[in-house]
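I opened my notebook to look up a few things in one structure.

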Amino acid sequence: PLTLPGFGGGQRMVGHLAGRPVLVTLWQSGDAASEGQLVRLSRAAARLDAAGLAVVPLALDSGASLAAARRTSEKLGFREAGFVDGWTRTALEVLL
């Protein structure tokens with residue numbers, strides 16, 4: 001099963017999304033284009049959920065900016081949000 005680092009600490013299982021299309025979006029706090037993308041996805045959340053699409057935003061932030069990414073994700077209502085750590089970055093590089 002896929003695990004992702006969560007903002008609350010530790011790894012989260014995302015197996016409950018199995019069988020459902022998932023849009024993984026990479027973003028960074030402080031980047032206007034990234035944050036604008038999250039706002040648009042947040043506004044479309046009800047329509048996307050009704051269509052069966054789960055949105056999983058993964059922040060590329062680290063260090064002090066990780067707290068800002070967490071606040072933004074929470075403010076916009078993304079329950080599945082997390083961040084990209086070293087393991088996740090390696091896995092994504094293999095996939096992409």
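I count two strands as paired if DSSP finds at least two bridges between them. Helices (H or I, at least four residues) and strands (E, at least two) are DSSP runs, numbered from the N terminus.

**Entry 1: the model.** This is a predicted model, where local features need pLDDT of at least 70, side-chain atom pairs count only at pLDDT 80 or more, and totals for chains, interfaces and linings use all residues. Residues are numbered from 1 along each chain as its sequence is written, and side-chain values use heavy atoms, without hydrogens and water. I checked pLDDT, the predictor's confidence in each residue, from 0 to 100. The chain averages 87, and 97% of the residues score at least 70.

Entry 2: I found three strands in an open sheet, in the order 3-4-5, with parallel pairing. Strand 3 (22-27) and strand 5 (82-83) are at the edges with a single partner strand each, so one side of each has no neighbour in the sheet. Six bridges join strand 3 to strand 4. Leu 23 has Val 55 in strand 4 as its bridge partner. Strand 4 and strand 5 pair over two bridges, also in the parallel sense. There, Ala 59 has Phe 83 as its bridge partner.

**Entry 3: strand 4.** How many of the residues of strand 4 are buried? Six of its six are; buried means under 20% relative accessible area, exposed over 50%, partly exposed in between (1.4 Å probe, protein chains only). Ala 54, Val 56 and Leu 58 point one way, and Val 55, Pro 57 and Ala 59 the other.

**Entry 4: the rings.** I found one aromatic pair. The ring centres of Phe 7 and Phe 83 are 6.0 Å apart and the planes are at 35 degrees, so the pair is tilted. Rings of Phe, Tyr and Trp (its six-membered ring) pair if their centres lie within 6.5 Å; planes under 30 degrees apart are stacked, over 60 edge-to-face, the rest tilted. Phe 7 lies in the loop between strand 1 (3-5) and strand 2, 76 residues from Phe 83 in strand 5. Both Phe 7 and Phe 83 are buried.

**Entry 5: helix 2.** I noted that helix 2 (45-50) supplies three residues to the lining of the largest pocket, the largest share.
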